[in-house]
Amino acid sequence: MIIKTIKTFNKEKFEEHLDAYKRINSVSITGFSKTVFSLEDGSILCIPREDGDERYPYGEGGYNFWAYTSGYMHANDGLFSPFLRANAGEDPKIAFFAGDDITGRVISLLRVPSLTEGAERFCVFSADKAYYYSLSCGVTYCVTVEVSDSVTNDMLFSIYIFNNTDEVRDIFLSSYFNPYLRNSICESSEDKWFRSSRVEENAFVFSINEDLSRTVSVTNFGVVNRRLLLSPDSIFKDEKLTTSSSLYKGGQNYGLSNAENVLKHGFTEQKVTAFTENAIAGDRVSMRLAPHGAAVLQEELRYSKANAGEDDYKVLLGFSGSATEYGYAREHGSAQSRDKGYDTVMTFDSSSLPKLESRVMTDFAECLSKQVEFCAQIKGYVQLSTNSLIGIRDVFQALEGYIYLNPVKAREKMLEAFGFIDPSGRCPRQYSLPANNGEMPHMDLREFIDQGCWVIDCVTSYLKLTGDFAFLNEKCGYCRIVDESSRMVEMIDSDDTVLDHMLRIMEYLCKNIDSDTNCVRALYGDWNDALDGLGVSSDPAQKFGNGVSVMASLQVYKNLTDMIELLKNLNSGNVDIVSGYRETVEKLKQGILKNAVVTGDDGERRILHGWGQDRSYFVGSFKDSDGLSRHGLTSNAFWILSGLIEDDKSLFADILKAYEALDSKYGYKTFDPAFGRNVKGVGRIYKLPVGTAENGASYIHATTFAIMSLFMMGEGRKAWEQIIKILPFTHEKVSCSPFVMPNSYGFNMDLNIDGESMQDWQTGSSNVLLKTLIRFVLGFNPDYDKLVISPAAYCPFDNFEFGAVYRGRHISVRYEKSHGPHRTFTLNGTVINGEYDENLKTEKLVLGLCELKYENHIVIT
């Protein structure tokens, strides 16, 4: 191991965190929850709790290193997993320990594994790294974890020790690494046969052999480089190293909690392990710290995939050039803000709502942007299951939010996804990026009708924001479906453009308009994929019946109107296509108006979610197939979001009635009542417990659709009532990270469910909420030839500021509440008259391209 002395340790950041922790314990500070707080620099301080866990992802471009408040960590780059995820209660794959001469105890420097000691702990998630603090007997320990900015995704683990006493302290540190380094989602009992670890000078070297296919075998290498940095007058005493998991833990049948006894006295060294047991990297480093002395043990995991030679690992030996004693040197600022492309920022001030503290909302908006970035750059296997791929609907919805944050990277991801569309215009439900060039991708080919709708939405929004019409001329290949039953596909090259792909998507969607009702057939299902029974045919010989999704019908209606507008702006001779779209959109409109609304005995109208074969039963009607009167959320929301509400605005009153019927403690439910067992024709949704996910709970993605629709109709107060209900930091109890959006809130007291969430981070609720904040709260609405600034009439904040870029022009907006009789606007100091919007019920500012300079400052009073 490399051992160096450094004259001084910069304690500034550590002292900031420790001071914040003391203040949190001594005074009441508003935070995301009782145990999660936002610091002045935007970092998040978390105190470990027993009823949940927070997590934060590090890495870029779809690589995710997850750090949890509990100390669990795992990482994956698509299917390739440097570290597998451990289930709660299991041994972690990464662990750190310390012991000192005063107490004679061994403490875990993370919350897991749990030992008998009682160190005081907290952690901080900054944009670039995670800090794990343990305070024990006058010594401060801090484990930091970070991922490099480079494409190699190096991981640096640093254990800092600060002796806060006037005495010499004898201390040891110990690290445990159990990397996976394979293209798989779980371990098998055979993995150890193809894996080895050995000690070389200053490093552990892992070698993992795996087969990518029947004909392609590769070796993956991982190297843990090691060094110890000491303050003057502190000395290194000795170290022990092992590659044996059983020697580190004290036996093959023991877990890491037993390592406490082994580490007190030191384990038996073993410099190489292969075949017989799971090879690890374990060390025990003893040192003597001078009074007020300090030290840092640094270990950097560097890895390479699919190597050809036995010595290829040697390029990984030694620390990377950017690894300093204080972490990775980042040339372009933080990983979170670096290379964003567009500086989209949101700040809020002086909230009138008691649960909506303005600073917390500002910090939450930054985390929300990070969450949308995470969802947009996804490489699949986030849930580490075989079916956790890259969803077309998921990624394009996320990309429609990400375009405001980084349009350059959003463009790249769109081009990637376009290459997985079938030549017929049919989009897969999910695709994957093969681990080996030429390998057939793993695909989910279930024919959910809505997939292509989100593609059209995203691209047209991108073009309005950026004016990058050259994007439509980019060439993309296809992913041709060869055998659907075996999910066999073929990647094919093509000279077709993005626009060609969009036209094929529209052709596919229009071909699936039912000729009897002129509404869009559900096929396998729509956005609400848990309700996947409407498209089932009564004829076993038919793949799908003529059951309809009203939500998808409304989406295709909007897609057609958007494509007509786009093609008119292109002036590219698509007259016949536009004419065909006009005819189709009118036919679709009449079909929806005729068939999608039913009337009750008292004259109340209800928008159906859909119907089954030959309209033999309805979902979301006054009498569904189970005999119950039921409301559905998404078809009501998309009646407004699609623009069809303009045909008959009186229907908005019926939509509001539906929203009121669906309201709950945690916001609008997706359906009410929930579906009981064996309800005819609804598919698998009844298998979800009542009051969870889409089955009678607030599935927040759907709730945000409704919130956006309320803003569109000028009901800002009602919209904010729902936003308050879905924001996690307004809840008394949160089961996951309160600084990003979860995907649902369950409620079923018979099952002891009250506000728990299925998961956080990977959820579409994040992008819809972000788009709602940008378009309606902040009022930023780009169009092909104009920019519309139209914040909602009701705003709970006295002030807000917003910055973004529209077609190369920088836009800054400041909103100031003056309680005057009407809204006024200035552009670069010049007063400009607004236009009254009947739907929004307030004035808006409409600016043509010619009115905008490179820098534009707008003030709304």
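**Briefing: a predicted single-chain model**

Of the 861 residues of the chain, 61% count as buried, meaning under 20% relative accessible area with a 1.4 Å probe and protein chains only, while exposed means over 50% and partly exposed lies in between. This is a predicted model, in which local features need pLDDT of at least 70, side-chain atom pairs count only at pLDDT 80 or more, and totals for chains, interfaces and linings use all residues. Residues are numbered from 1 along each chain as its sequence is written, and side-chain values use heavy atoms, with hydrogens and water left out.

**Overall form**

- The chain has 15 helices and 49 strands; these are DSSP runs numbered from the N terminus, with helices (H or I) of at least four residues and strands (E) of at least two.
- A compact globule with 861 residues would have a radius of gyration near 29 Å, and the chain agrees because its own value is 29 Å; the radius is taken over C-alpha atoms, and the globule rule is 2.2 Å times the number of residues to the power 0.38.
- The C-alpha trace spans about 85 × 65 × 55 Å along its principal axes.
- Among contacts (heavy atoms within 4.5 Å) with a separation of 6 or more, 67% are between residues 24 or more positions apart.

**Surface and charge**

- Carbon and sulfur atoms hold 47% of the accessible surface of the chain, which comes to about 32,500 Å² by the Shrake-Rupley method with a 1.4 Å probe.
- There are 89 positive and 116 negative side chains, and the centres of the two sets lie 1 Å apart. Lys and Arg count as positive and Asp and Glu as negative, without His and the chain ends; each charge is placed at NZ of Lys, CZ of Arg, CG of Asp or CD of Glu.

**Helix H11**

- Helix H11 covers residues 634-641, and eight of its eight residues are buried, so the helix is largely enclosed by the rest of the structure.
- The buried residues of H11 include Phe638, Trp639, Ile640 and Leu641.
- Gly643, which follows H11, has a positive phi near 90°.

**Two buried strand residues**

- Asp283 lies in strand E21 (residues 279-289) and counts as buried, at 0% relative accessibility.
- The side chain of Asp283 reaches the backbone nitrogen of Ser175 at 2.7 Å.
- Not counting residues up to four places away in sequence, Asp283 touches several residues, among them Arg226, Lys240, Tyr248 and Glu299.
- Ser136 lies in strand E11 (residues 129-136) and is buried, with a relative accessible area of 8%.
- Leaving aside neighbours within four places in sequence, Ser136 is in contact with Arg105, Ile107, Ala119 and Tyr141.

Technical notes:
Polar contact = N/O pair within 3.5 Å; in protein donor to acceptor, adjacent residues only side chain to side chain.
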